[in-house]
Every structure is written in C-alpha cells, then in structure tokens.
Amino acid sequence: MIFREKGLSMADELNKNQETERPVSKMAVTSIIIGGVALITSFIPIVNNVSFFFAALGIIFGIIGAVGVFKGKKRPKVLAIIALIINVLAIIIVLATQNLYGQAINKAANGPQATSNNSQTSTQANEVKVGETITLENKLELTVVSVEGGLTNYDGNACTKVTMKYINNGDKEISYNSYDWKAEDPNGAQTSQTIYSNGSMNSNADNLQSGKLIPGGSVTGSLYFKGNVIKVLYSANLGNTTTATWIV
C-alpha cells in the first residue's frame, strides 16, 4: 500500500520522492562557499583583486551546478540560484569599490585642480599672467604677485625673484610648501628654487617657507631661481604635474 500526504496526488508524491532522492549539487555548494569568501573580501583594497577571480570561478561552478539542477540531476534549484547571485554581487562590489578607490588615489596623486582665474584674456583656468589669481578646487587662491629679474647672486650668476601669495578661502586647513614651485627659463628647463644672497644678512628674510593655512588665512613670500624666468609653475601633487602656470 502506498501512503501519500494529504492533498498530494500520486504524481506529486512521486515527483517529491524523486526530488528528495536526487543528490545535492556539490558545484552549487562550492559556488556558494567561494562566493561568500569573495563577497566578504570584496570591500578590501588590493585583496579584492583576488576576490574578483574567486567570484568569477564561483560563477563558473554555479553555472555548472545550475545546469545539473535544471536538468533534474541535482537539487535544489534555490541553492544554484543563490550561488550565482552571491558571486555576481561580489563582482559588482569589487568593480564599484576599485573604481571608488581609483578615483581617490588619482585625486590624491593629481591634487586639487585649477577651476577658475580672474584673467580677462586667458581662456584656460590654469594659465594666467603675472599678477593674476588662480583658484583651485579646494578654494585656495594662488597669485604670482611679481617677478623681478636682473639680480646677481652671491656666486655672480643671474637670479630672478618671484613673489607669490596664498589665500585659503576654503573651510579646511591647507598646507603650503616652497618646493611646490618651479620656474622655466627661455631654454625650456624647469628648475626648483635656489639659495640667494646679496651679501646682506637679511637677504632671505622674505623667503616663502612651508606650513599650513587655516580657513581665511593667507601668506606671502618670495623664492629665487637661477637665470631668467619666462614661466612660473605651481604643482602640489604626488605626480609633480603642473597645476597652474603664470606667464612672465
């Protein structure tokens, strides 16, 4: 005598028994385990490079498991579906977080970019004439106030004095550094500041130093460069690329 659950037809009872007798898909289980590891580590920088390959492998196992389940050789269907969802989700998170981290790294490497200037003639936000002001993304205003050539240094070589001014119009503290500046000579050589002395004890008293500006703060100082100067260049980023240029 065959006993059936109440409300189930013989065909339903037979299908249920066959479902129970089918083995659990090992591929789907493996896919869930791999996907779980990938999902947990998908937020971690560098590590999530491995997470991506784990998730890709998990998807392959999940597809194989799903094929076996939907062909009726393995069970259950929900396990195969969850396995695929977890691994696809892990890949999406890896790609999203890597894009986010990449943007943060690029921003740190490139530094704040020039957004505007007060020039009446220049169409480029990052290139103006001496005496004009460039504003960066962090609301730092930079001005090359003056360029004084024709100086003679202590070693007899020609020297140029450049005076610059910072104003912090932002709401955060901003660092400034004398090594952020370079000058370009008529031959196209870009050089950093040089030591200047005219024999006076206070000849470097107005030199631009390094420090920080609080919101609303400002600082003015001078730097000296060898030879004649045709451009003054500002760069405040790890890549040392030019952020702003003043044409002499």
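This is a predicted model: local features need pLDDT of at least 70, side-chain atom pairs count only at pLDDT 80 or more; totals for chains, interfaces and linings use all residues.
**View 1. The open sheet of 5 strands.** Reading across the sheet, the strand order is S1-S3-S4-S5-S10, and the pairing is antiparallel. Strand S1 (114-117) and strand S10 (218-226) sit at the edges, so to speak: each of them pairs on one side only. Going from one strand to the next, the twist averages 25°. As a quick reminder, strands of a sheet pair through backbone hydrogen bonds, either parallel or antiparallel.

**View 2. Strands S4 and S5, side by side.** Here we zoom in on strand S4 (residues 140-152) and strand S5 (residues 158-168), an antiparallel pair with 10 bridges.

**View 3. Strand S7 and its two antiparallel pairings.** Strand S7 (residues 181-184) runs antiparallel to strand S11 (residues 231-234), and 4 bridges join them. Ala183 has Val232 in S11 as its bridge partner. S7 also pairs with strand S8 (residues 190-191), again in the antiparallel sense, over 2 bridges. In that pairing, Glu184 stands opposite Gln190 in S8. The hairpin of S7 and S8 has 5 residues between the strands, and there Gly188 takes a positive phi near 90°.

**View 4. The salt bridge of Asp206 and Lys161.** These two side chains meet at 2.9 Å, N to O. Asp206 lies in the loop between S8 and strand S9 (211-213), while Lys161 belongs to strand S5, so the contact ties together parts that are 45 residues apart in sequence. Are the two partners buried or exposed? Asp206 has 30% relative accessibility and counts as partly exposed, whereas Lys161, at 18%, counts as buried because the cut-off for that label is under 20%.

**View 5. The salt bridge of Lys212 and Glu173.** The closest N and O atoms of this pair are 3.7 Å apart. Lys212 is in strand S9 and Glu173 is in the loop between S5 and strand S6 (174-176), so this pair links parts that are 39 residues apart in sequence. Lys212 is exposed, with a relative accessible area of 56%.

Notes. Residues are numbered from 1 along each chain as its sequence is written. Side-chain values use heavy atoms; hydrogens and water are left out. Two strands pair if DSSP finds at least two bridges between them. Axes are lines fitted to C-alpha atoms, for helices over the stretch in contact, and angles run from 0 to 180 degrees between N-to-C directions. A salt bridge is a side-chain nitrogen of Lys or Arg within 4 Å of a carboxyl oxygen of Asp or Glu. Buried means under 20% relative accessible area, exposed over 50%, partly exposed in between (1.4 Å probe, protein chains only).
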